[in-house]
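I set out to record what I looked up in this structure, entry by entry.

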Protein chains: 2
Amino acid sequence: MDATSAPATIEELLDRILALSDGLPKRLKQCADYVTANPDRVAVSTVAEMAEAAGVQPSAFMRFCQVLGFSGYSQMQRLFRNAYTQHWPDYATRLEKLRQSSGGSSSALLAEFIEAGRLSLENLAKTIDPQTFDAAIRTLSRAKMVHIAGMRRAFSVASYLAYAFEKMGVPCMLHDSVGNLDSRRAIRKDDAVIAITFTPYSSETVELAEAGRRAGAGVVAITDSLAGPLRPVTPLLLTVQEADFGNFRSLSATLSLSMALAVAVGMAVKKRRNGIS
Amino acid sequence: MDATSAPATIEELLDRILALSDGLPKRLKQCADYVTANPDRVAVSTVAEMAEAAGVQPSAFMRFCQVLGFSGYSQMQRLFRNAYTQHWPDYATRLEKLRQSSGGSSSALLAEFIEAGRLSLENLAKTIDPQTFDAAIRTLSRAKMVHIAGMRRAFSVASYLAYAFEKMGVPCMLHDSVGNLDSRRAIRKDDAVIAITFTPYSSETVELAEAGRRAGAGVVAITDSLAGPLRPVTPLLLTVQEADFGNFRSLSATLSLSMALAVAVGMAVKKRRNGIS
DNA sequence: ACTTTCATGGAAGATATGTTCCATATTTGG
DNA sequence: CCAAATATGGAACATATCTTCCATGAAAGT
C-alpha cells in the first residue's frame with residue numbers, strides 16, 4: 001500500500017506532481033501535464049471530461065489520482081472545489097471587479113491593459129485590408145531572405161517575427177543595432193524588408209526600409225498611420241491602430257497581425273517549394 | 001407549461017431572478033437570495049449542498065431551478081460551468097483545415113489569430129490572482145536592478161519589458177545570449193529577476209532564475225503552468241494560458257500582463273523615491 | 001528469444017447525485 | 001371559520017458519475 005497520504009493543499013499537490021512527473025508512465029504523464037497546465041478545470045469537470053481533454057482513458061486518470069495519494073478523482077476534486085471561490089466566471093464582471101479592486105490600483109491597471117488589448121484586436125479585425133495583407137504575403141513569400149527591422153517598442157514585434165519565420169523555415173535576418181553595425185548592405189534585389197515602426201517613427205527603421213527599396217527589394221511596413229514616413233517607400237502598408245493606455249501601446253493587434261503574416265508566408269513558401277520541385 | 005425558456009447566459013439568469021424574486025414563495029426566495037449572493041458556488045456544488053447552504057430542502061431548490069426555466073439543477077449548473085471552463089477551440093485542426101482548403105484565405109488566418117488573442121485576454125482577466133500580481137510588483141519595485149530573462153518566443157516579451165522599464169525609469173538589464181556571455185554573476189542580493197518561459201521551458205531562463213535565487217534576489221516568473229520548472233524557484237508565479245494556434249502562442253495576454261507589470265512597478269519606484277527624498 | 005513485470009483500454013459494478021412524487025402543512029379567499 | 005389552492009418536506013426513483021477489475025498489449029531484464 002502506498003504510504004503517501006493525500007495532499008492537503010493545491011501547492012502540495014503541484015509539488016508532488018512535479019516530484020513524480022519525471023518517472024511517470026506515458027499516459028499518467030499526459031494527465032500530469034494537463035492538470036498542471038489547467039488546474040482550474042479540475043473543479044468543474046468530470047473525470048471523463050478531464051480524461052478526454054488529456055487524451056487518455058478515464059481509468060488512466062483514476063490511476064493518476066491514486067498515484068498522487070488520493071483515494072480517487074472525487075477526493076482530488078474536493079481540493080480544487082474548496083479553493084475555487086476566487087475565480088469569477090464571467091469576463092465582464094471579472095474585469096469590473098479587477099478595475100474596482102480596492103486592494104490597490106495595480107489590478108485596475110491590468111484591467112485597463114487587458115481592455116486596451118481587446119479593443120485593439122477588435123479594431124484590427126475591422127480595419128485590415130485583406131488585399132494589402134495578401135499582397136504583403138506574396139511579396140514576402142517570394143523573397144529569398146526577409147529582413148526585419150524594428151526598434152524600441154517595435155523591437156519586440158520584430159524579434160517575434162524573426163522567431164516565427166525561423167520556426168516556419170523562412171530565411172530571415174533580424175536587424176538590430178548591436179555593435180552599431182550598419183547592415184543595410186546586406187539587402188539584395190530579391191530579398192524583402194519588413195519594417196515596423198510607430199509614432200514617433202524611428203529613423204533607423206525608415207532608413208533600412210529605404211535602403212531596401214533602393215536595392216530593389218520588396219518592402220512591407222507595419223505601422224500606425226497611412227501617412228507616416230513609410231508611405232513614400234512602399235504601398236504595402238499594414239496599418240494597426242492600437243488602443244493606448246498612458247503612453248503604452250497595447251501591441252496585441254500588432255502581434256496577432258505579425259503571427260498571421262508569418263504563418264501565411266511560411267505556408268506560401270512551403271507551397272512554392274513543393275510546386276517547383 | 002412554462003413558456004419561458006432557459007436563460008442562456010449568467011446575466012440573463014440573474015436578470016430573471018431579480019424580476020421574479022418579489023413574487024416568490026418563502027423557500028424559493030431563500031434560494032434566490034443565496035444564489036445571487038454566491039453565484040460562484042453553483043459551479044462546484046451539488047444541489048444538496050446548495051439547498052443546505054440556502055436553508056431549504058433539495059426539492060425546494062429543484063423547484064427554484066424550474067421556475068427559472070431550467071429543466072433542473074444540472075442544466076443551470078452547466079451554464080456556470082461552461083462560463084468558467086474556457087473551451088479553447090481546437091486550433092490545431094482548424095489550422096489544418098485552413099491549410100487544406102487551397103483557397104485558404106489569409107484573412108481567415110488573421111481572424112483566427114485575432115480570436116485567439118481575444119480569448120487569451122479574457123482568460124487572463126478571469127484567472128489572474130491580484131494578490132500574486134501585487135506581490136510581484138512589490139518585489140520588483142524594491143530591487144536596485146531588474147534582470148530580465150526570456151528566450152525564443154519569450155524573448156519578444158522580455159525585450160518589451162526592457163523597453164517599458166527603461167521608459168519608466170526602472171534600472172534593468174535584458175539578458176540575451178548574444179556572444180554567449182554568462183551574465184549570471186551580474187545578479188546581486190538586492191536585485192530582482194523576472195523570468196519568462198513557456199513549455200517547452202528554456203533551460204537558460206530557468207538557470208538564470210535559479211542563479212537569482214541563490215544570489216538572494218527576488219524572483220518573479222511569467223509562465224504557463226503552476227507546476228513548471230520555475231515553481232521550486234519562486235512562489236511569485238504569474239501564470240498565463242494563451243490560446244495556441246498551430247504551435248503559435250498568441251502572447252496577447254502575456255504582453256498585456258507585462259505592460260501592466262512594468263507600469264505598476266515604475267509607479268511604485270517613483271513613489272518610493274519621492275517618499276525617501 | 002523468453003519470461004516477467006508493468007502499463008493500458010474497455011466494460012461492469014458501486015456510489016453519489018439529481019429528479020420526481022405525494023402526503024402533509026400552510027396560506028389565501030370566501 | 002371553512003374550503004380551495006398552493007407551498008413544503010421527505011422519501012423513492014432514475015441517472016450520471018466514479019471506481020474497480022481484468023484481459024490484452026507493450027516494455028524490460030535475463
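**Entry 1: salt bridges within the chains**

I began with helix 2 of chain B, where D33(B) and K29(B) are 4 residues apart and are therefore separated by about one helical turn. The model I am reading is a predicted one. D33(B) and K29(B) form a salt bridge, and their closest N and O atoms are 3.0 Å apart. I then looked up the accessibility of the two partners. D33(B) is partly exposed at a relative accessible area of 40%, and K29(B) is likewise counted as partly exposed, at 27%.

I turned next to chain A. There a salt bridge joins the side chains of D33(A) and K29(A), with 3.0 Å from N to O. These two residues lie 4 apart in helix 2 of chain A, so about one helical turn separates them. D33(A) is partly exposed with 40% relative accessibility, and K29(A) is partly exposed with 26%.

I also noted a network of salt bridges in chain A that links E96(A), R99(A) and E112(A). For the whole structure, my search over all chains returned 15 salt bridges.

**Entry 2: the salt bridge between chains**

How many salt bridges does the rule find across the interface of chain A and chain B? I found 1. Its partners are R231(B) and D15(A), whose closest N and O atoms are 3.0 Å apart. I traced the pair from D15(A) in helix 1 (residues 10–20) of chain A to R231(B), which sits in the loop between strand 4 (218–223) and strand 5 (237–239) of chain B. Is R231(B) buried or exposed? R231(B) has a relative accessible area of 15%, under the 20% limit, and is therefore buried. D15(A) is partly exposed at 41% relative accessibility.

**Entry 3: the interface of chains A and B**

I looked up the extent of the contact between the protein chains. On the side of chain A, 68 residues are in contact with 70 residues of chain B. The area buried between the two chains is about 6,400 Å², and carbon and sulfur atoms give 69% of it. I counted 7 residue pairs in polar contact between chain A and chain B, both residues being at pLDDT 80 or more. Helix 7 (residues 105–127) of chain A gives the most to the side of chain A that touches chain B, namely 11 residues. By class, that side of chain A divides into 38 nonpolar, 16 polar and 14 charged residues.

S256(B) belongs to helix 11 (residues 252–276) of chain B. With a relative accessible area of 1%, S256(B) is buried. Neighbours within four places in sequence aside, S256(B) contacts L110(A), F113(A), I114(A) and S252(A), as well as L121(B).

**Entry 4: DNA strand D**

I then looked up individual atom pairs at the phosphates. From a phosphate oxygen of DNA strand D, a polar side-chain atom of Q57(B) is 2.2 Å away. For a polar side-chain atom of Q66(A), the distance to a phosphate oxygen is 2.6 Å. Y73(A) places a polar backbone atom 2.5 Å from a phosphate oxygen of DNA strand D.

Helix 4 of chain A supplies the largest share of the surface near DNA strand D, with 3 residues. I classed the residues of this surface as 5 nonpolar, 7 polar and 3 charged.

**Entry 5: DNA strand C**

DNA strand C is surrounded by 15 residues, and I listed R27(A), Q57(A), V47(B), Q66(B) and Y73(B) as the closest. Sugar or phosphate holds 72% of the atoms of DNA strand C within 4 Å of the protein, and the rest belong to bases.

What does the side chain of S59(A) approach in DNA strand C? I found an N or O atom of this side chain 3.2 Å from a base oxygen. A polar backbone atom of Y73(B) is 2.5 Å from a phosphate oxygen of DNA strand C. The side chain of S74(B) has an N or O atom 2.8 Å from a sugar or linking oxygen.

The largest share of the surface near DNA strand C, 3 residues, is given by helix 4 of chain B. I classed the residues of this surface as 5 nonpolar, 7 polar and 3 charged.

How values were computed: Residues are numbered from 1 along each chain as its sequence is written. Chains are lettered from A and ligands numbered from 1 in the order in which they are written. Side-chain values use heavy atoms; hydrogens and water are left out. A polar contact is a pair of N or O atoms within 3.5 Å; within protein, one must be able to donate a hydrogen and the other to accept it, and residues adjacent in sequence count only if both atoms are side-chain atoms. Ala, Val, Leu, Ile, Met, Phe, Trp, Tyr, Cys and Pro count as nonpolar, Asp, Glu, Lys and Arg as charged, and the others, Gly among them, as polar. A residue is near a molecule or strand if one of its heavy atoms lies within 4 Å of it. Contact means heavy atoms within 4.5 Å. Buried area is the accessible area (1.4 Å probe) that two parts lose on being put together, summed over both. A salt bridge is a side-chain nitrogen of Lys or Arg within 4 Å of a carboxyl oxygen of Asp or Glu. Buried means under 20% relative accessible area, exposed over 50%, partly exposed in between (1.4 Å probe, protein chains only).
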